[in-house]
Amino acid sequence: MSSLDQLYQQVILDHARAKHGRGDVEEVAASSHQVNPTCGDEVTLGVTLANDGSIEKLVWDGDGCSISQASLSMLNDLVANHSIEEARIAYASMESMMHSRNRGVPDEVLDALGDAAALESTSQFANRVKCALLGWYALRDALAQLGTDIAGGNK
């Protein structure tokens with residue numbers, strides 16, 4: 001195993017343990033509960049938007065494998081207290097990377113993902129892609145309830 005692979009594994013394990021943004025999903029403007037029926041991972045993610053449209057509050061709770069938990073922690077770091085446009089870029093980058101089947105993505109995609117770039121090698125495993133994207137789909141759904149589609153344009 002290369003030192004870069006070891007580093008990426010450590011980043012994933014660190015996020016799976018630290019779980020940034022995890023807490024009680026209460027007092028949020030919208031929430032979404034998502035389940036991966038393949039493995040049983042599940043998450044409830046809630047968001048509240050600030051007056052300027054940025055993501056003022058993001059909180060999640062759930063159980064699952066280290067990939068899903070790390071991805072949720074990384075998602076929090078990328079979008080909490082950030083603009084919808086930044087969330088849209090992060091979402092598009094994550095989808096692009098996770099559907100690459102580990103054949104590589106442009107450096108701009110990896111740069112936009114920060115620590116989440118460590119999940120790139122999981123994209124070669126279809127069941128792991130579902131784990132990594134579970135929280136991202138919950139975010140998309142919760143924001144859609146508030147009138148914003150981060151996978152496209154505003155409703």
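The following dialogue explains how terms are applied to a predicted model.

Mentor: In this predicted model, local features need pLDDT of at least 70, side-chain atom pairs count only at pLDDT 80 or more, and totals for chains, interfaces and linings use all residues. Residues are numbered from 1 along each chain as its sequence is written, and side-chain values use heavy atoms, with hydrogens and water left out.

Trainee: Why is Val 59 called buried?

Mentor: Buried means under 20% relative accessible area, exposed means over 50%, and partly exposed lies in between, with a 1.4 Å probe and protein chains only. Val 59 has 8% relative accessibility, so it counts as buried. This residue is found in strand E3; helices (H or I, at least four residues) and strands (E, at least two) are DSSP runs, numbered from the N terminus.

Trainee: Which residues is Val 59 in contact with, leaving aside its neighbours within four places in sequence?

Mentor: Contact means heavy atoms within 4.5 Å. On that basis, Val 59 touches Gly 21, Arg 22, Gly 23, Asp 24, Val 25, Val 28, Thr 44, Leu 45 and Gly 46.

Trainee: How do you know that E2 and E3 pair, and in what sense?

Mentor: Two strands pair if DSSP finds at least two bridges between them. Strand E2 (residues 42–49) and strand E3 (residues 55–63) have eight bridges, in the antiparallel sense.

Trainee: How many bridges join E1 and E2?

Mentor: Strand E1 (residues 30–35) pairs with E2 over six bridges, again in the antiparallel sense. Ser 32 stands opposite Leu 45 in E2, and the bridge partner of Gln 34 in E2 is Val 43. The E1 and E2 hairpin has six residues between its strands, and Gly 40 in the turn has a positive phi of about 95°.

Trainee: What makes E1 and E3 the edges of the sheet?

Mentor: The open sheet has three strands in the order E1-E2-E3, with antiparallel pairing. E1 and E3 each have a single partner strand, so one side of each is left without a neighbour in the sheet.

Trainee: Why is H3 called roughly antiparallel to H5?

Mentor: Axes are lines fitted to C-alpha atoms, for helices over the stretch in contact, and angles run from 0 to 180 degrees between N-to-C directions. Angles under 35 degrees count as roughly parallel, over 145 as roughly antiparallel, 65 to 115 as roughly perpendicular and the rest as oblique. The axes of helix H3 (residues 84–98) and helix H5 (residues 126–145) cross at roughly 155° and come within 11 Å. H3 is therefore roughly antiparallel to H5. Among the residues making the contact are Tyr 91 and Met 94 of H3 and Trp 136 and Tyr 137 of H5.

Trainee: How do you know that the span of H2 is close to the expected value?

Mentor: The expected span of a helix is 1.5 Å times one less than its number of residues. Helix H2 (residues 66–79) has 14 residues and reaches 20 Å from its first C-alpha to its last, close to the 20 Å expected.

Trainee: Why is H2 described as largely enclosed?

Mentor: Twelve of its 14 residues are buried, so H2 is largely enclosed by the rest of the structure. The buried residues include Ile 67, Leu 72 and Val 79. Just after H2, Asn 81 takes a positive phi of about 65°.
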